[in-house]
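Here are my notes on this model, point by point. Please read them with the coordinates open.

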Amino acid sequence: MKLSRLADQIQTSPILTFAAEINARKAAGETLYNLTVGDFDPAIFPVPDALTEATIAAYREHQTNYPGALGLAEIRSGVAHLLNRTCGLDYGAKDVIIASGSRPVIYAAYRAIVDPGDKVVFPVPSWNNEHYAAMNGARIHTVETDPGDHFMPTAEMLAPVLEDAVLLALCSPLNPTGTMLTRERLEEICELVVDVNSRRSDHLKPLYVLFDQVYWMLTFGDAEFAHPLAICPEIRDYAVFVDGMSKAFAGTGIRVGWSTGAAHLLDKMVSVIAHVGAWAPRPDQAAVGKFLFMDEEVDAYLEKFRGALEARLDAFHEGFMGLRERGYPVDAIAPEAAIYLSVKIDIRGRTTADSKALASEDDVQRYLMDAARIGVLPFSWFGAHSHGNWFRISVGTCELEDIDPVIAGLAAALDNLAPA
Ligand SMILES: Cc1ncc(COP(=O)(O)O)c(C=O)c1O
């Protein structure tokens with residue numbers, strides 16, 4: 001029976017469908033390593049204890065009525081406090097809005113900016129922008145990035161396509177690559193946006209930037225997050241920032257996200273969020289509000305969490321580099337941030353021992369699952385088609401001791417292919 005055009009178009013996430021298949025096979029007794037989902041196993045990566053305690057306390061205090069459209073004052077102050085002390089900003093509670101995770105914030109930003117037919121630009125690989133753009137009837141323009149640039153865009157790549165765009169969606173650190181924009185590159189892109197807007201007539205919609213920074217607290221080694229507003233304050237009226245508890249505090253099920261940025265935009269996003277009813281639960285807002293003022297607990301948690309993620313990502317990276325040195329057709333980009341590693345497994349076009357051709361990235365993905373026992377996601381699932389054979393590994397549900405067997409299993413699966 002007929003439904004809306006949106007309903008005809010909208011798709012469930014293939015990532016979640018694939019992850020569900022892996023979990024079903026595991027439940028049926030197979031040994032499989034699920035490196036697909038951008039989620040955490042709470043038995044390995046629990047949320048901070050202080051946050052759990054504060055949440056229980058909020059329920060005991062009966063904080064169970066509506067939280068208000070903007071979010072509770074204490075969490076908005078808490079977010080401002082976190083951003084000011086770590087990113088060198090100067091926010092107050094009035095500059096922050098709260099929603100039930102980062103997704104409603106992204107949805108609301110698209111709703112507030114994009115009209116049907118408007119041009120939206122985003123680099124690929126990228127996480128989920130195609131869905132938000134499609135829900136708004138946007139004209140999508142993707143920009144393919146290169147492994148040599150760690151799959152990050154440059155101002156040079158973006159300049160030719162921004163002149164008639166209303167939205168540039170950026171994410172750094174990036175899902176799916178685990179890499180991030182350097183301070184210099186980010187500064188050049190911000191300056192480009194300011195420059196495009198300086199030439200755009202006042203009666204047209206400006207070029208806005210949606211900057212998704214949900215992984216910004218999870219950086220490793222020399223990689224350092226620079227906040228766009230700290231390096232290019234002139235972007236303030238055109239920028240909206242997306243952030244939340246899901247990744248930095250392993251709280252994907254807590255459903256607390258927030259947004260900062262241009263006041264006139266946040267104002268309309270609040271209305272979108274309110275009409276959808278996508279407020280974060282009040283007890284969680286109250287708890288996060290308390291927690292974000294606990295500087296010592298926040299810093300201690302992040303240090304330990306970053307260390308555990310980095311150890312896993314480094315172990316995978318070393319494993320891939322070891323295979324490469326032994327002549328296997330693989331590669332990887334050293335981890336910079338988030339919970340992901342970019343790996344190349346260059347076996348498309350090869351033939352399996354039972355004479356099946358691995359013709360597509362999906363065939364390679366299936367072979368890796370059946371022969372190497374690992375679930376990984378091709379970058380084509382994140383909209384990138386120019387550089388086949390790159391995959392995302394996620395370590396959110398991975399034990400350190402699983403990594404050696406995964407690398408050994410991969411080597412065995414590659415050994416089983418017919419010679420190239
Ligand atoms: C880049 C990015 N932004 C936003 C989200 C969504 O986060 P939330 O759970 O807060 O809705 C994700 C989740 O995978 C993500 O990878």
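1. A residue counts as near a molecule if one of its heavy atoms lies within 4 Å of it. By that cut-off, the ligand is surrounded by Gly 101, Ser 102, Arg 103, Trp 127, Cys 171, Asn 175, Asp 212, Val 214, Tyr 215, Ser 246, Lys 247 and Arg 255.

2. The model is predicted: local features need pLDDT of at least 70, side-chain atom pairs count only at pLDDT 80 or more, and totals for chains, interfaces and linings use all residues. Residues are numbered from 1 along each chain as its sequence is written, and side-chain values use heavy atoms, with hydrogens and water left out.

3. Polar contacts (N or O pairs within 3.5 Å) come next. A polar backbone atom of Ser 102 is 2.8 Å from a ligand oxygen. For the side chain of Asn 175, an N or O atom sits 2.7 Å from an oxygen of the ligand. A polar side-chain atom of Tyr 215 is also 2.7 Å from a ligand oxygen.

4. Aromatic rings of Phe, Tyr and Trp (its six-membered ring) pair if their centres lie within 6.5 Å; planes under 30 degrees apart are stacked, over 60 edge-to-face, the rest tilted. The whole structure holds 15 such pairs. Phe 151 and Phe 379 have centres 5.0 Å apart and planes at 80 degrees, so they are edge-to-face.

5. Phe 249 has contacts (heavy atoms within 4.5 Å) beyond four places in sequence, including Met 217, Phe 291, Tyr 301 and Phe 305.

Note on methods: Polar contact = N/O pair within 3.5 Å; in protein donor to acceptor, adjacent residues only side chain to side chain.
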